[in-house]
There are 2 protein chains.
Amino acid sequence: MDSPSNPAAFLARCAPPQTPALIVRRAALEANLADLQAACDRAGVALRPHGKMHKSTAVAHMQIARGAVGLSCQTVGEAEAFAAGGIGDLLVTAPVPPWGAARLAALAAAGATVAAVADSPAQVQRLGEAAVAAGARLGCLVDVDLGLARAGVAPQDAPGLARLIAKTPGLGFGGIQSYWGHLQHGAGRERPHDDACRTLAAVVDALRRAGLPPPVVTGGGTGTAALDLASGLFTELQAGSYAFMDVQYGEAGAGFRQALFCAATIVSARHATHVTCDAGLKALASDGPTPRVVAGAPGAAFRFFGDEHGAIIGADPAPAEGALVWLQPGHVDPTVALHDALFLADEDGTLAPLAIDARRTTG
Amino acid sequence: MDSPSNPAAFLARCAPPQTPALIVRRAALEANLADLQAACDRAGVALRPHGKMHKSTAVAHMQIARGAVGLSCQTVGEAEAFAAGGIGDLLVTAPVPPWGAARLAALAAAGATVAAVADSPAQVQRLGEAAVAAGARLGCLVDVDLGLARAGVAPQDAPGLARLIAKTPGLGFGGIQSYWGHLQHGAGRERPHDDACRTLAAVVDALRRAGLPPPVVTGGGTGTAALDLASGLFTELQAGSYAFMDVQYGEAGAGFRQALFCAATIVSARHATHVTCDAGLKALASDGPTPRVVAGAPGAAFRFFGDEHGAIIGADPAPAEGALVWLQPGHVDPTVALHDALFLADEDGTLAPLAIDARRTTG
């Protein structure tokens, strides 16, 4: 393939039937999948990619085919969609709301291997009761908070919750999870990562001393993957963004290829300073770094210009009305979640539609 | 109904089957629809509500039943979805990309009344050619830029483009549109609104002098609706957000009732400073004002806490894990576009699911 860092020639061969359209460069995606799987294999760590990023059973199957042990999900709805799509081993990586326990138990009763994390006795009890009621078994992992403060027990509380899980009918103690989301993007993350690793190692030791050695230690992410694998602490890595990438993880030096692009059409070109394209807040997430113009408008910057439009500023030459411009999304997960489908693109520009079938927000 | 400004008692009666879930309070929605329709009727102005906000044919039919003349759409995909849902009179309010002309002509050939705006001769030509090829007729309006600088011709260029439309086979000259998005939210918008109205009046005069009196002058929005109706310039109003409302238009003093709420479940409650709910960047748009906590967590503030989570900060008392909290979205259009469905809620808490069926991003 052409240089991943200069995708303009590749993108010039792609012509989606409508815009805004997400395009995933198949060669870059496959290289990313292969690279992280190989790094996990070298480290003796299982890869459980995070499906919250792509929400696509087709991409999940590509990951499984390369050696991933199963999928991480962030919501009950994702777990249901991936199970319906034939993914047989699922971990829900956030505490499950009360309405979700029975739905996960139903997936397990239908034959899937399903585990969920918990950070409270009430959650453990609900998962156990749902599993017993469904005649199924759910794995349950202790979610440990190592600084993000979003979910998870304090490190010293892990053995107590593990003990409860181990004795709760319907549940199997699956180990521990910790997600350090606060370490994924910043510069200078080696030192806090070291500190967090020391705490995580102490949690593992405490569980061993309590007679509950964790079968699985799962967590990590795209931004810390190299550090996570080198730590020797994890049995399982949960990275997600590595497959598609975005401006945010590119700036963080995550070391994977940009695979995801958004095509937009110039729909108005009446101003000397800027032209207007048809990708706005409903096509590209705006919470992270601003999307970047990577082809079709040399030297241009992107600015959100309402719900359905963006401004392409300062291009020289400015793209003509009707022309395509190509954007690198700022933050991949919420960008993909805006779309029902994307196109997987071969190097010759052949596009194959691919459903983002786990994005449904209703069960 | 209870006081619209204090919806806590109403929301306490609503129990969605899963979260995050959008709830629309039917009584508030219907009062908003009735109020704006009545204001339009009093002013002798047709109401063509903007479907980009709700993306729901069910809500569109409620608007038509109350007297709306048709629907405004921002994209070709919305026009297709609303036509499929039985809305027979559609205006696309943004310039149409090249791939869209034939698709609009196909809707017209199938029997819908379809018009689109244009701001360039090339767009006019494409729309005309597509209409002729489909054996259909498309309305075409000159989009006039009165300061937003997103799309639209300069005021002095309107007669020229109108003349081209009038003589282009397949097209009927539908009049002019101007959308002053930059005037919708700011304080002190009366003066710039007056200025814009003077320019718009001059455009209408110039068209009359050119022998092309505009059959329709369409535009306006929720934030300027009262001024737009009082101006005597518009024959048609395009407001959208008035039906559901959000923090942004509430702050702008738009004068409609908050009808849209997002329910979230507390999924982790391990910290004294905050608890975590299951609504994040994939459930609530983050581009506008921060969503507000309106029930379930007294005195609390909301903060985005990742793609699937939010922090509920400083509630006294803090809601328990498993409890529902209720949020007022910051910006309604991109929030609704994140969801496949919402629930229409009666005052007794009875919920009826309602598809957001025009949100599909693929044609």
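Modeller: One term to start. A crossing is left-handed if the near helix is turned anticlockwise from the far one by less than a right angle, and right-handed if clockwise. Helices (H or I, at least four residues) and strands (E, at least two) are DSSP runs, numbered from the N terminus. This is a predicted model: local features need pLDDT of at least 70, side-chain atom pairs count only at pLDDT 80 or more, and totals for chains, interfaces and linings use all residues. Residues are numbered from 1 along each chain as its sequence is written, and chains are lettered from A and ligands numbered from 1 in the order in which they are written.

Colleague: OK. In which hand does helix 5 of chain A pass helix 6 of chain A?

Modeller: Left-handed. Helix 5 covers residues 76-84 of chain A and helix 6 covers residues 101-109 of chain A. Their axes are 10 Å apart, at an angle of about 20°. Axes are lines fitted to C-alpha atoms, for helices over the stretch in contact, and angles run from 0 to 180 degrees between N-to-C directions.

Colleague: Which residues make that contact?

Modeller: Helix 5 of chain A brings Val76(A), Ala79(A), Glu80(A) and Ala83(A). Helix 6 of chain A brings Arg103(A), Leu104(A) and Leu107(A). Contact means C-beta atoms, placed from the backbone, within 7 Å.

Colleague: New topic. Where does Leu71(A) lie?

Modeller: In strand 3 of chain A, residues 71-73. Leu71(A) is buried, with 30 other C-beta atoms within 10 Å. Buried means 20 or more such atoms within 10 Å, exposed 12 or fewer, and partly exposed in between.

Colleague: And how far is Leu71(A) from Ala83(A) in space?

Modeller: 9.9 Å, C-alpha to C-alpha, and 12 residues apart in sequence. Leaving aside neighbours within four places in sequence, the contacts of Leu71(A) include Phe82(A) and Ile87(A).

Colleague: What about strand 16 of chain A, buried or exposed?

Modeller: Four of its five residues, 341-345, are buried, so strand 16 of chain A is largely enclosed by the rest of the structure.

Colleague: In which sense does strand 16 of chain A pair with strand 17 of chain A?

Modeller: Antiparallel, over five bridges. Two strands pair if DSSP finds at least two bridges between them. Leu342(A) has Leu354(A) as its bridge partner in strand 17 of chain A. Strand 1 of chain A pairs with strand 16 of chain A in the parallel sense, over three bridges. There, Val24(A) stands opposite Leu344(A).

Technical notes:
Contact = placed C-beta atoms within 7 Å.
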